[in-house]
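This report concerns aromatic side chains and the packing of helices. Please keep the sequence and the model at hand while reading.

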Amino acid sequence: MLAATSLALTACGAVTSGTSTGAEEDSSLVIGISRKLTSIDPAQGGSIDGDATLARAIYSGLTYYDPELELRGELAESWTQDDDTHWTFVLRDGVTWSDGSPFTAEQVVWNFQRFLDPESTLGNAAATRAIISGVTAPDEGTVVIETNGPFIDLPDRLAHFFLVNPDFVQAHPDELVALGTGPYVLESVDLENGAVLTRNPGYFGEAPEWERVEYRVLETEAARVQAAQAEEIDVAIQYEPTSLELFAGSDVYDTGNQWSSWNNTLRINENVAPLDDVRVRQALNYAIDKEALIRDVVGADVEPLAGQVLSAPYDRINPDLAAYPYDPERARQLLAEAGHADGVTIELGLSTGSYVAQDPVSQAIARQLGEVGITVEITNQSFPNWVERTRSAEDAPALYYIGYTAGYRAPAERLRIYISGNGQSHYAEPDAVYDDLVTQVTAATTPEQQQELVNRATAHYREQAHAVFLWPQPLTYVVRKDLEWTPRPEHWLVPQEFRSRS
């Protein structure tokens with residue numbers, strides 16, 4: 001790393017000369033993120049490679065996954081399932097907010113009440129209410145959570161439920177400020193360009209190495225490549241595999257290309273004709289040669305999604321499903337049966353720089369769909385604007401390229417992202433089969449029962465072709481050689497998990 005005498009960032013690179021404790025020398029870590037920020041409040045949701053990766057450094061949850069994907073306690077020291085619907089979480093002693101005020105069980109209750117309020121407009125409120133019916137604090141060190149029914153994955157689900165300070169949030173409505181219990185404190189933020197964090201001296205856990213962390217928004221492939229070529233960053237992800245070749249002989253950076261927990265699909269707006277016809281949706285799946293796109297464009301060692309929105313090894317998949325085969329003749333036949341032998345025109349909405357090789361992949365998909373009579377008009381927006389549009393009931397694109405992951409592995413919650421009530425879902429089954437099956441997955445009392453219901457839900461979703469199933473997005477990255485780091489399949493870039501090799 002580049003030595004420096006102050007915390008300032010220089011034109012030639014990042015200041016990264018700290019010790020393991022940071023007590024003797026100041027140190028700085030520069031992280032490139034691929035999406036503009038949309039909020040500082042973790043209750044508003046946000047992508048793991050955007051808002052949530054910032055939140056993971058500022059806030060804490062009751063539980064968390066370590067880099068080896070083992071579920072551990074964070075603000076909760078331990079938990080027990082008292083019966084099918086009652087869980088007791090014992091809180092860690094001595095935790096304070098970054099301003100020194102005490103962290104309390106009543107504050108935990110307030111955080112859940114934000115979501116459980118029937119009038120709540122928070123992004124994940126409906127999903128939270130689907131699981132949890134009530135939260136109480138019987139004493140200063142204990143929180144009891146009651147679920148609507150059996151939910152064996154509750155501790156897992158809470159790994160992405162970050163807690164905020166109630167008094168601070170209410171005193172600073174709609175302000176870009178934060179108060180957490182995590183290892184870092186927000187110093188400044190610019191949603192368009194990034195944020196700066198400083199070490200929290202009162203953090204209850206192991207002190208992170210870096211005194212200062214800068215997140216830089218690198219929204220395009222060109223920006224990410226240029227930042228690394230100029231040696232201005234310590235780590236960034238979301239590079240196109242071909243771009244990694246630029247750093248193959250680098251003395252500064254290592255590169256990586258591995259599996260991740262992100263599953264890429266084309267989401268389908270079934271409120272737009274002719275996508276309300278299952279035959280047209282199936283035709284989309286048959287018309288795209290996923291294996292060729294992976295080989296020739298994506299350039300990663302991944303397989304097409306097996307007709308489901310889950311992928312191993314992160315998820316427990318349905319072993320009986322297979323990917324839609326490439327069959328353009330079958331696609332043409334289905335389009336003709338649906339009354340579109342003369343072709344159709346649809347829009348494919350993209351978010352700038354959000355997914356690995358998204359732009360060349362989309363161009364190739366447009367060519368392949370054009371060969372069966374589907375004309376694709378590609379549009380591109382910045383990530384915040386694209387999110388707003390994909391959540392619009394009136395203006396969502398007919399198709400949109402999207403990847404999903406989460407900070408938890410609960411099967412019901414991985415599938416709940418795709419129910420008809422989700423903000424980025426635009427369909428409604430008359431008999432609500434998929435939604436009902438996900439509800440049953442949620443209430444399963446054993447892993448075996450849970451898996452059988454997962455298999456039924458994924459089989460139905462494949463048959464109805466509620467999405468175009470693509471592939472698990474590869475995790476591609478550039479990282480300085482003198483950093484120790486375990487890449488996470490969820491794409492977390494957690495500053496406290498980086499260590500200097502020196």
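The text below treats the aromatic rings and then the helix pairs.

**Aromatic rings**

The model is predicted. It holds 21 aromatic pairs. A pair of aromatic rings is described by the distance of the centres and the angle of the planes. In the pair formed by Tyr-355 and Trp-386, the ring centres are 6.5 Å apart and the planes stand at 70°, so the arrangement is edge-to-face; the cut-off for that class is an angle over 60 degrees. This pair links distant parts of the chain, for its two members are 31 residues apart. Tyr-355 belongs to the loop between β16 (344-351) and α11 (358-370), whereas Trp-386 belongs to helix α12 (residues 383-390). Are Tyr-355 and Trp-386 buried or exposed? Both residues are buried.

One aromatic cluster is formed by Tyr-286, Tyr-324, Tyr-404, Tyr-418, Tyr-434, Tyr-461 and Phe-469. Elsewhere, Arg-409 lies over the face of Tyr-314, with a distance of 4.9 Å from the ring centre.

**Helix pairs**

| Helix pair | Distance of axes | Angle |
|---|---|---|
| α14 (residues 433-443) and α15 (residues 447-464) | 9 Å | about 165° |
| α8 (residues 278-287) and α10 (residues 328-337) | within 8 Å | roughly 165° |
| α9 (residues 290-298) and α11 | within 10 Å | roughly 140° |

For α14 and α15, the angle of about 165° makes the two helices roughly antiparallel. Their crossing is left-handed. The contact involves Val-433, Tyr-434, Leu-437, Gln-440 and Val-441 of α14, while α15 contributes residues including Leu-453, Ala-457, His-460 and Tyr-461.

How are α9 and α11 placed relative to each other? Their axes cross at roughly 140°, and the two helices are therefore oblique to each other. The crossing of α9 and α11 is right-handed. Leu-293, Val-297 and Val-298 of α9 make the contact with Pro-360, Val-361, Ala-364, Ile-365 and Gln-368 of α11.

Terms used:
Residues are numbered from 1 along each chain as its sequence is written. This is a predicted model: local features need pLDDT of at least 70, side-chain atom pairs count only at pLDDT 80 or more; totals for chains, interfaces and linings use all residues. Side-chain values use heavy atoms; hydrogens and water are left out. Rings of Phe, Tyr and Trp (its six-membered ring) pair if their centres lie within 6.5 Å; planes under 30 degrees apart count as stacked, over 60 as edge-to-face and the rest as tilted. Helices (H or I, at least four residues) and strands (E, at least two) are DSSP runs, numbered from the N terminus. Buried means under 20% relative accessible area, exposed over 50%, partly exposed in between (1.4 Å probe, protein chains only). A charge sits over a ring if NZ of Lys or CZ of Arg is within 6 Å of the ring centre and within 35 degrees of the ring normal. Axes are lines fitted to C-alpha atoms, for helices over the stretch in contact, and angles run from 0 to 180 degrees between N-to-C directions. Angles under 35 degrees count as roughly parallel, over 145 as roughly antiparallel, 65 to 115 as roughly perpendicular and the rest as oblique. A crossing is left-handed if the near helix is turned anticlockwise from the far one by less than a right angle, and right-handed if clockwise. Contact means heavy atoms within 4.5 Å.
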